[in-house]
Amino acid sequence: MRAFAEKLSEGEPPAGGVLYLCATPIGNLRDVTLRVLDTLSRADVVLAEDTRETRKLLQHFGIQARLVSFHDHNERMRSAQVLEWLGAGRSVALVSDAGSPLIADPGFHLVRTVIAAGFPVVSLPGPCAAVAALLVAGLPPTPFLFLGFLPRKPGARRRLLSSVVRIPWTIVCYETPHRLLETLAIMAETLGPARPAAVARELTKAHEEVVRGTLQELWERFSNVPPRGEFVLVVSGWSEEGKGAEE
């Protein structure tokens, strides 16, 4: 492991037997890092959530790679294969459709399996929709609580949000366009209609938009404008000052 650490400190990629977690663009292809492109071009295998989406990225930058599907339904089976590849000295790169692997995407079981087997795991940082939205929301960026995608069923969503009502941290979550309006209504009901929030839409893309206001104001805004695209919700944490307004 010492030799591996020394190679990392020098900026040179290890020879093989390494799992790389590669962050990919969430919209604008120019957000990909040079290090990720170099790693994807060198990797023996690239695990992709959707090989069609990843192929577009690779073709854009003229990279040829062996793409293998990797998603929620085959993660455990693929993890066993990855151990075989790593044991043979091969390098494996993991990407999601967009953003950082494991963040509301598959990969956690794989990483834990690889670590337990004694192989190195290297994270190549880059785009992340949750962080990008947090930075432009105009709310305290730290500490924050990331909830990923909220539960599909309204009752489960309500229970989850009720459990974080009094947490004084900024809340960040992902939501789909067809559930956005319902989620804003549940948030206004559980967290309080006057709680400050922001809705970030289509980050880094041509129609990028950030709408700020109270949960009630945001619900009214998107009641009149049909939600389209990919959304990140950022909501202010609980505070003594805002308790009266929320109630």
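## Basis of the model

The model is predicted: local features need pLDDT of at least 70, side-chain atom pairs count only at pLDDT 80 or more, and totals for chains, interfaces and linings use all residues. Residues are numbered from 1 along each chain as its sequence is written, and side-chain values use heavy atoms, with hydrogens and water left out.

## The α8–α9 pair

The axes of α8 (residues 177–191) and α9 (residues 215–224) come within 9 Å and cross at roughly 160 degrees. The two helices are therefore roughly antiparallel (over 145 degrees). The crossing of α8 past α9 is left-handed. On α8, the contact (heavy atoms within 4.5 Å) is made by Leu180, Leu181, Leu184, Ala185, Met187, Ala188 and Leu191. On α9, Leu215, Leu218, Trp219, Phe222 and Ser223 take part. Eleven of the contact residues are nonpolar, one is polar and none is charged.

## Threonine 170

Threonine 170 is in strand β7 (residues 170–175). Its relative accessibility is 2%, so threonine 170 counts as buried. Proline 140 is 30 residues away in sequence, yet 6.5 Å away in space, C-alpha to C-alpha. Leaving aside residues up to four places away in sequence, threonine 170 touches Leu134, Leu139, Pro140, Pro143, Phe144, Leu145, Val234, Val235, Ser236 and Gly237.

Conventions:
Axes fitted to C-alpha atoms, helices over the stretch in contact; angles between N-to-C directions. Helix = DSSP H or I, 4+ residues; strand = E, 2+ residues; numbered from the N terminus. Parallel < 35°, antiparallel > 145°, perpendicular 65-115°, else oblique. Left-handed = near helix turned anticlockwise from the far one by under 90°. Nonpolar A, V, L, I, M, F, W, Y, C, P; charged D, E, K, R; others polar. Buried < 20%, exposed > 50% of the residue type's maximum accessible area, 1.4 Å probe, protein only.
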